[in-house]
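Have the sequence and the 3D view open as you read.

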Amino acid sequence: MNYNITGSPFPIISCDLSAGESINCQKGAMVWMTENMKMETSTGGLGKMVTKAFTGESIFHNTYTAYKQPGSITFGTNCPGTIIPFNLSGGNCIIAQKGAYLASEPSINFEVFLNKKVGSGLFGGEGFIMQKFTGNGMLFLEIDGSVIERVLAPGETLLIDTGYLAAMESTVSISIDKVKGVGNVLFGGEGLFNTKVTGPGRVWLQTMPIAQFAGSIIPYIPSKS
């Protein structure tokens, strides 16, 4: 499979498939395709249904297959952002925020990832439940805003404001860090907690979480009289 990511701030990813090759995607992600692409909608079984319900994804997903001859299909994002490709192989995996999944090769599996420290989910803003992706093949995630990649050395830490952690390698650990100082908590505008990630491994940060974006435009939306 060949792919090409273009466009900003609403990026798309176009995938060229060989005859008989398939790709999975989130419900509603397809924006255009050649007419020989055949669609099949499924849940993936009871276990997958439960996983999707917990991770905020649609219970249903679509599989598109190039029928008899090569075909192409294009997927789009739900909000201004970035599409990140991951080539998973050799047992490595990616942990991502809920709702990040866009598309993948059928060989990619995903399951619920529960933060070992409950506080990370209750107070860290990244959610107690995240998604864990494994397998061999291409995975495509959609990130809110632009994306910044950081490589953390063993023991190196990074404090992240609520909602700005998009994805990380499974070698990175996550916990929470309480904002110090009463004045900082009351007047700093950063909340009570930050998310703390510790290396080794890569983390991907998003510059405009959708919740932050929505909150910034609400004051400019006319209210009904």
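First, some housekeeping. This is a predicted model, in which local features need pLDDT of at least 70, side-chain atom pairs count only at pLDDT 80 or more, and totals for chains, interfaces and linings use all residues. Residues are numbered from 1 along each chain as its sequence is written, and side-chain values use heavy atoms, with hydrogens and water left out.

**The sheet with β3 and β10**

Let's start with an open sheet of 6 strands, ordered β5-β6-β3-β10-β13-β8 and paired antiparallel. Strands here are DSSP runs of E at least two residues long, numbered from the N terminus, and two of them pair if DSSP finds at least two bridges between them. At the edges sit β5 (37-42) and β8 (81-88); each has a single partner strand, so one side of each has no neighbour in the sheet. On average, neighbouring strands of this sheet are turned by 20° against each other, direction ignored. For that kind of angle, axes are lines fitted to C-alpha atoms, and angles run from 0 to 180 degrees between N-to-C directions. As background, strands of a sheet pair through backbone hydrogen bonds, either parallel or antiparallel.

Zooming in on β5, you'll find it paired with β6 (residues 61-66) over 6 bridges, in the antiparallel sense. E40 has T63 in β6 as its bridge partner. Further along the order, β3 (residues 22-26) and β10 are antiparallel and share 2 bridges, with N24 standing opposite S104 in β10. On to β13 (residues 137-144): β10 pairs with this strand over 3 bridges, again antiparallel.

Y101 belongs to β10 (residues 101-104) and stands opposite L141 in β13. Is Y101 buried or exposed? Its relative accessibility is 5%, so Y101 counts as buried; the cut-offs are under 20% relative accessible area for buried, over 50% for exposed and partly exposed in between, with a 1.4 Å probe and protein chains only. Y101 and I143 are 42 residues apart along the chain, and their C-alpha atoms are separated by 9.2 Å.

**The cavity**

Y101 also turns up in the lining of the largest cavity, along with Q26, K27, G28, A29, G76, N78, L102 and E142. A cavity, on a 1 Å grid over the protein atoms alone, is a set of points where a 1.4 Å probe fits but cannot get out, and lining residues have an atom within 4 Å of a point. Searching the whole structure turns up 1 cavity of 30 Å³ or more. The largest cavity holds about 40 Å³ of space, where a volume is the space filled by probe spheres set on the points, and grid points are joined across faces, edges and corners. What sort of residues line the largest cavity? The lining divides into 3 nonpolar, 4 polar and 2 charged residues. In that scheme Ala, Val, Leu, Ile, Met, Phe, Trp, Tyr, Cys and Pro are nonpolar, Asp, Glu, Lys and Arg are charged, and the others, Gly among them, are polar.

**The sheet with β9 and β19**

There's another open sheet of 6 strands, in the order β11-β12-β9-β16-β19-β14, also with antiparallel pairing. Its edge strands are β11 (108-114) and β14 (147-152), each pairing on one side only. From one strand to the next, the twist averages 20°. Within this sheet, β9 (residues 94-96) and β12 (residues 129-135) run antiparallel and are joined by 3 bridges. A96 has Q131 in β12 as its bridge partner.

**The salt bridges**

The count comes to 2 salt bridges, taking one as a side-chain nitrogen of Lys or Arg within 4 Å of a carboxyl oxygen of Asp or Glu. Here they are:

| Pair | Closest N to O |
|---|---|
| R202 and E169 | 3.8 Å |

E169 lies in β16 (residues 165-169) and R202 in β19, so this pair ties together parts that are 33 residues apart in sequence. With shared partners, the salt bridges join E149, E169 and R202 into one network. How accessible is each member? R202 is partly exposed at 35% relative accessibility, E149 is partly exposed at 43%, and E169 is partly exposed at 22%. R202 and A167, 35 residues apart in sequence, are 8.6 Å apart from C-alpha to C-alpha.

Note on methods. Helices (H or I, at least four residues) and strands (E, at least two) are DSSP runs, numbered from the N terminus. On a 1 Å grid over the protein atoms alone, a cavity is a set of points where a 1.4 Å probe fits but cannot get out, and a pocket is an open set with protein on both sides within 12 Å along at least five of seven lines; lining residues have an atom within 4 Å of a point.
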